[in-house]
Amino acid sequence: MGAAIGIKKCFNHINQFNKQEIYTNLSKWLSDYLPATVPFDKEKAVQLLKAHKDIYFKPCYGHQGKGVVRAEMQASGEIHIGHHYFSPEIIFQDTQQFQESIQKILGTTPYIMQEGIPIQQVDNRVFDIRALVQKNENGLWSVTNLVSRIATKGSFNTSIFDEVCLSHEILNRLYPSDKAAQIIRSIYDISLRSAEIMDENTAYHLGEFSVDFALDNDEHAWIIELNGKPQKSLYADIRDQSAVYLRPMQYAKYLCKR
């Protein structure tokens, strides 16, 4: 494709990001919004668990929550392991059992470990806030919208969801309107800063991606991950979202004129 239309006119030729690489790049400027994230190491896993009590193991090149494992250390010292849901599938009695087994659980796939965030809930279900960031007809980054996936009850993985809606609908249910507006402005600012940082990497040319956020119980926004292939089907049942589909074409038209 690049050979036919020109390498600088082909965008999003990479759509599966390395989570550790993204974290390293973003942490130069956005460390206040990033959970602690390090490459998997079974010794460090125990240290991270003791420090945070709740950590997530994620494939470096994972998507849609596939392969994500959650570990939680109880006050008793037990360690609970679960896939997709908070309810444990495996219980280790101590850190030694955990350390001996975690490598087998994750297999040979490269993983990162990420500090768990106490995620704000709505109706006893966790939700995320996804900022769709796209380049427009002037070649400039803009946030097209914010949508939220409300996870199935009992699931920590928002890829397993019951409902999708515009994020302001949830935020206005949880907070006064001025607080909700403040959170939205913050997420817009962080998302656009993320886009600027991504553009500093000349190894790839992006026209769109999404930034997935979680809010903690103090209304602080945390970047959970960046997604190089935003799931467009999320917007199918939300009214007035034609810009989601038009922006890539507008940006392509901008590139053709250059």
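I will start with the lining of the largest pocket. Five elements, α2 (19–30), β2 (54–59), β6 (111–115), β12 (208–215) and β13 (221–227), each supply at least two residues of that lining.

Before going on, the conventions. This is a predicted model, so local features need pLDDT of at least 70 and side-chain atom pairs count only at pLDDT 80 or more, while totals for chains, interfaces and linings use all residues. Residues are numbered from 1 along each chain as its sequence is written, and side-chain values use heavy atoms, with hydrogens and water left out.

Back to the pocket. The volume of the largest pocket is about 830 Å³. Of the 43 residues lining the largest pocket, the closest to its centre are K19, G65, D212, I224 and E225. On the definition: we use a 1 Å grid over the protein atoms alone, and a pocket is an open set of points with protein on both sides within 12 Å along at least five of seven lines, whereas a cavity is a set of points where a 1.4 Å probe fits but cannot get out. Lining residues have an atom within 4 Å of a point. Grid points are joined across faces, edges and corners, and the volume is the space filled by probe spheres set on the points.

Which strand gives the most to the lining of the largest pocket? That is β13, with five residues. By type, the lining divides into 19 nonpolar, 14 polar and ten charged residues. Nonpolar means Ala, Val, Leu, Ile, Met, Phe, Trp, Tyr, Cys and Pro; charged means Asp, Glu, Lys and Arg; the others, Gly among them, are polar.

E225 is worth a stop. E225 sits in strand β13 and is buried, with a relative accessible area of 19%. Buried means under 20% relative accessible area, exposed over 50%, and partly exposed in between, with a 1.4 Å probe and protein chains only. Not counting residues up to four places away in sequence, E225 touches K19, K58, S210, V211 and D212. Contact means heavy atoms within 4.5 Å.

S210 is in strand β12 and counts as buried because its relative accessibility is 0%. Apart from neighbours within four places in sequence, the contacts of S210 are R130, A131, L132, E225, L226, N227 and P230.

α4 covers residues 95–106, twelve residues, which at 1.5 Å a residue should span 16 Å; the end C-alpha atoms are 16 Å apart, so the two agree. The expected span is 1.5 Å times one less than the number of residues. F98, I102 and L106 of α4 are buried. They cover an arc of only 35° around the axis, which puts them on the same side of α4. The arc is taken over the directions from the helix axis to the C-beta atoms. Q96, E100 and K104, on the other side of α4, are exposed. Among the elements covering the buried residues of α4 are α3 (42–52), β2 and β6.

α7 has 15 residues, 243–257, and should span 21 Å; its end C-alpha atoms are 20 Å apart, which agrees. Its buried residues are V244, P248, Y251 and L255. Their arc is only 65° around the axis, which puts them on the same side of α7. On the other side, M249, K253, C256 and K257 are exposed. The buried residues of α7 pack against β9, β10 (141–151) and β12.

Q134 belongs to β9, residues 129–135, and counts as buried at 0% relative accessibility. Setting aside neighbours within four places in sequence, Q134 has contacts that include W141, G207, E208, V244 and P248.

Last, backbone angles. Most residues other than glycine have a negative phi. K53, not a glycine, has a positive phi of about 70°. K53 lies in the loop between α3 and β2 and, at 41% relative accessibility, counts as partly exposed. N124, also not a glycine, has a positive phi of about 65°. N124 is in the loop between β7 (121–122) and β8 (125–126) and, at 57% relative accessibility, counts as exposed.

Key: Helices (H or I, at least four residues) and strands (E, at least two) are DSSP runs, numbered from the N terminus.
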